Amino acid sequence: MTLLPYDDDPMVVGANWYRFTSGEQIINPHVMSVSFIWIVSGGGEIRAGGQTFAVDAQHVIRLPWHHHVEYRANRRGPFHIGTLHVVPRYDRTGEVVPRVAHLPGDPLLDDTARHGDPTAFRPGLSTMRNAAARRITDYGTIAIERLGEGAFDEEYFRALGRLIMFENAAWADTHAQQTTLPGSLELMMTFIRHHIAEPLTVARVAEAARCSETTAQRLFTRHTGESMQAWIRHTRLREAGSLLRTTGMRVSEVAHLVGYPDPLYFSRAFRRAYGVAPTQFVRETMRP
């Protein structure tokens with residue numbers, strides 16, 4: 001696909017990881033970008049636009065053009081974050097500087113090539129359940145990797161900026177249809193997905209979110225309508241169905257990868273969930 005040239009269009013100008021120390025505080029008073037911040041692990045508070053967001057793993061925050069932001073990490077379990085900075089309209093009339101203006105006296109604060117509308121949206125909080133927010137963090141990870149390689153390719157980061165702004169436009173519509181889950185529940189769900197091949201007890205999953213077993217069970221029941229073990233079982237079987245559709249693995253291999261050491265037991269569970277045996281499910285799936 002050929003990207004059309006624009007006189008001014010979005011561009012990624014910065015992206016990085018940052019791991020806070022216990023109780024660390026940072027203030028950036030003049031951030032000249034639309035920023036996206038996602039919590040990799042740990043927790044803390046982020047203040048912007050007159051709002052305070054208590055965040056932990058799986059939360060994603062969007063901040064508008066030219067914002068003041070304050071970070072305060074928890075003393076126990078300080079957060080590790082990823083950040084992504086986009087200039088909504090960056091003229092093609094001069095040299096591009098791949099850096100984010102954020103402190104008083106920075107000459108980039110008065111860069112006439114950079115444009116944005118601080119009223120375009122308010123600060124927003126979402127989670128990785130929001131598909132648009134999740135894709136933005138994926139693009140953010142790509143930006144971090146590319147910037148870490150040293151060479152700055154203007155057209156690449158303009159193209160990436162457009163993709164991010166497309167997803168940003170979908171953020172509000174998607175988020176409005178979703179209910180944000182408690183951060184500790186999101187953390188447990190992520191832990192389960194990442195350790196789906198391993199034995200998972202209530203105690204082990206609860207420990208991942210630093211909560212009691214009782215609290216863990218209550219969160220699953222209240223927000224998913226089923227017990228933790230039922231949610232784990234359904235997650236295993238959904239992943240099994242995906243693997244059977246998208247790989248050439250044998251049924252026994254899939255069973256092992258989703259946490260069923262006994263292929264026969266897996267086949268019975270799969271049939272109850274999907275109405276067909278895994279082997280038949282594979283035969284009915286179109287291969288490339």
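This is a predicted model: local features need pLDDT of at least 70, side-chain atom pairs count only at pLDDT 80 or more; totals for chains, interfaces and linings use all residues.
Local features were taken only at pLDDT of at least 70 and side-chain atom pairs only at pLDDT 80 or more, whereas totals for chains, interfaces and linings use all residues. Residues are numbered from 1 along each chain as its sequence is written, and side-chain values use heavy atoms, with hydrogens and water left out.

The protein chain holds nine helices and ten strands. Both are DSSP runs numbered from the N terminus: helices are H or I, at least four residues, and strands are E, at least two. Along the principal axes, the C-alpha atoms fill a box of roughly 65 × 45 × 35 Å. Of the 288 residues, 45% count as buried. Buried means under 20% relative accessible area, exposed over 50%, and partly exposed in between, with a 1.4 Å probe and protein chains only. Contacts (heavy atoms within 4.5 Å) were also counted by separation in sequence. Among those with a separation of 6 or more, 73% come from residues 24 or more positions apart.

Strand β3 spans residues 34–41. Six of its eight residues are buried, so β3 is largely enclosed by the rest of the structure. It runs antiparallel to strand β8 (residues 80–91), joined by seven bridges. Two strands count as paired if DSSP finds at least two bridges between them. Ser35 has His85 of β8 as its bridge partner. β3 also pairs with β6, again in the antiparallel sense, over four bridges.

Arg62 lies in β6 (residues 59–63). Its relative accessibility is 7%, so Arg62 counts as buried. Its side chain makes a polar contact of 3.0 Å with the side chain of Asn168. A polar contact is a pair of N or O atoms within 3.5 Å; within protein, one must be able to donate a hydrogen and the other to accept it, and residues adjacent in sequence count only if both atoms are side-chain atoms. Leaving aside residues up to four places away in sequence, Arg62 touches Ser35, Phe36, Phe121, Arg122, Pro123, Gly124, Asn168 and Trp171.

The largest nonpolar core has 46 residues. Such a core is a set of buried Ala, Val, Leu, Ile, Met, Phe, Trp, Tyr and Cys residues joined through side-chain atoms within 4.5 Å. Val12, Phe36, Ile46, Tyr71, Phe79, Leu84 and Ile164 have the most contacts inside it. Apart from this core lies another, of 19 residues, among them Met188, Ile192, Leu200 and Cys211. Val12 touches residues including Leu84, Val86, Ala143, Phe152 and Ile164.

Helix α1 (residues 131–148) has 18 residues. It reaches 26 Å from first C-alpha to last, close to the 26 Å expected at 1.5 Å a residue. The expected span is 1.5 Å times one less than the number of residues. Its buried residues are Ala132, Ala133, Ile136, Thr137, Tyr139, Gly140, Ala143 and Ile144. They cover an arc of only 160 degrees around the axis, which puts them on the same side of α1. The arc is that of the directions from the helix axis to the C-beta atoms. At the start of α1, a side-chain oxygen of Asn130 reaches to within 3.0 Å of the backbone nitrogen of Ala132. Just after α1, Gly150 takes a positive phi of about 100 degrees.

Helix α3 (residues 183–194) has twelve residues. Its buried residues include Leu185, Met188, Phe191 and Ile192. Among the elements covering the buried residues of α3 are β5 (51–56), β6 and α6 (228–246).
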